[in-house]
Amino acid sequence: MRSASVPELVCLNRVTCAYGAQPVLINVDLAFTPDQFSGIVGPSGSGKTTLLRVLLGTVRPVAGTVTRQRGLRVGYVPQVEAVNWSFPVTVAECVLMARTHGRVLPWRSRVEHAEVCKILARLGIEHLARRHIRDLSGGQQQRVFIARALLGQPQLLLMDEPTAGVDVATRHEILHLLDDLHHGGLAIVLTTHDLNGMAAHLPHLVCLNTEVLGQGSPRQVLTADVLERTYGARMEILEHAGMPIVVDRYDPADNVVSLRMPSA
Amino acid sequence: MDDLLRPFEFEFFRNGLIVATFAGALCGLVGVYVVLKGMSYIGHGLSHAIFGGFAASALLGVNFALGAGVWGVASALMINGVTRRRVIGADAAIGVITTASFALGLALFALFGRRGRSFDAALFGSILGVAQEDVWAIIAITALVTVVVFFGYRSLLFTTFDPEVAEASGVRTARVDALLMLVLAMSILATMQVLGVTLIAATLVIPATVARMLTNSFSRMLLLSTIIGAVTGFVGMNLSYHLDVQSGPTIVLVGATLFAAVFAITGTRGLRRTVGIHEHAASGVAPTPAHGP
């Protein structure tokens, strides 16, 4: 999404990334502005997480350029599957990790304590400050890592599969929270596998499978043609309450391998 | 009572007790990072690798701290480089480097005989060879490591828990990892005399594991593990004298007994806290998160 009037936070120009000889992203052109709330969709191994890492700055492209706004602050919320839930940290300790610079003493200052409390209160989890991160619900766990990212006062929040493995109520909770944060002036880019529960509710989508195969609003992107090119599978698009609903179009005749039941 | 206090009349015992207590505290402190980063195997391997340097310095007549120190630092940096590159399996590469170094030490002793410091003491630990300079060395290294952990607390915590986000947040994780390996090498060098290379890994792992079973807070785990390590060293060294068993095995057995006692008290609740730590840190695959209560 390019906007002539809004300055871009990050701009990717013909970015190609590879792990060894295997290309993961090819000639990706994308730009993210401060008013952005984008979802990156695509099948497993399509380069979604790599794209987030490029935006984060931990993966360098082998070709192309990444231009960041000067002094850009980026927050990152990892996938819950990537978090070591056995690690001995309380909610407050986890959030305070975002402050590694400026203060060398191990314990938090009064100012830091107040900041952590304020962010936890903003996200409705102040009462959980002393709890271990494992002893939380899925939605609360997401809020802890969002709180850690917010403590760095980011302009751009990157989230890797924020609704993976959560129930419907938690997904709604996360969507509402992200919507609030976006309306508060935060640009958000997230990856998701969930086309109906998550992607269809976002204002902007990028369809990715090594290269960008489509971008725009859910109505523009969630089409049978774009999705077939992205996922390599045929899908049908229905409409419900003005929103596109993606359903699998499974045709047994497409099966290459037929399963035969043994005759009685 | 007199029997209990009798060994304190001997200088060698007093020296050994100080070194064992500080060695326990040092290993307890460093062991927290070793356990949480899934580096137990590295700690075990590094102690064996340093044995090669020990043998070489003993035979060449080079100062032990210098010879084994250079060898240990080189091994630590090599292991750190191998684990970060991941061209081949890190555990396999570490196994090659460390066992080759250990084997070299054994071969050197076999070929040229046992000179200088005791061969058995290096393997299993002994208080008999503890000199006054060893006492000062362990105190100095414990102080140095404490300073590193104190001022590097935030970077070390972030890198240990979430290296990718730490790096993205401006923490130089490669330097932090290298620093941790150097601290580990120094700790092994300083404690080798009392604990022995074959048993150092246990003193790195047991206090931290026991502490993890007792707390969910990282800062409290650091403190508890250090105290548990010191107490284990102190009690183990006293028992070593009275039972006439080498110091290394006695200290490890005291630690193992403490582990069993804490496990009996905390039950599965305590053990559950430690589940997944090693697997996650070593493989990068997380244990299934508990979406409860």
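A: Over all chains, the structure holds 12 aromatic pairs, a pair being two rings of Phe, Tyr or Trp (its six-membered ring) with centres within 6.5 Å; planes under 30 degrees apart count as stacked, over 60 as edge-to-face and the rest as tilted. In one of them, Phe87(A) and Phe161(B), the ring centres are 4.9 Å apart and the planes stand at 55 degrees, so this pair is tilted. The pair joins two chains, because Phe87(A) lies in the loop between strand 5 (74-77) and helix 2 (91-96) of chain A, whereas Phe161(B) belongs to helix 8 (residues 153-161) of chain B. Helices (H or I, at least four residues) and strands (E, at least two) are DSSP runs, numbered from the N terminus. Phe87(A) and Phe161(B) are both buried; buried means under 20% relative accessible area, exposed over 50% and partly exposed in between (1.4 Å probe, protein chains only).

This is a predicted model, in which local features need pLDDT of at least 70 and side-chain atom pairs count only at pLDDT 80 or more, while totals for chains, interfaces and linings use all residues. Residues are numbered from 1 along each chain as its sequence is written, chains are lettered from A and ligands numbered from 1 in the order in which they are written, and side-chain values use heavy atoms, with hydrogens and water left out.

Phe87(A) and Phe161(B) also belong to one aromatic cluster, together with Trp85(A), Phe145(A), Tyr33(B), Tyr153(B) and Phe218(B).

The contact between the chains (heavy atoms within 4.5 Å) takes 40 residues from chain A and 38 from chain B. About 3,300 Å² is buried between them, of which carbon and sulfur atoms give 58%; this area is the accessible area (1.4 Å probe) that two parts lose on being put together, summed over both. Three salt bridges are counted between chain B and chain A, each a side-chain nitrogen of Lys or Arg within 4 Å of a carboxyl oxygen of Asp or Glu. One salt bridge links Asp162(B) to Arg148(A), with the closest N and O atoms 2.7 Å apart. On the side of chain B that touches chain A, helix 8 of chain B gives the largest share, seven residues. That side divides into 19 nonpolar, 13 polar and six charged residues; Ala, Val, Leu, Ile, Met, Phe, Trp, Tyr, Cys and Pro count as nonpolar, Asp, Glu, Lys and Arg as charged, and the others, Gly among them, as polar.
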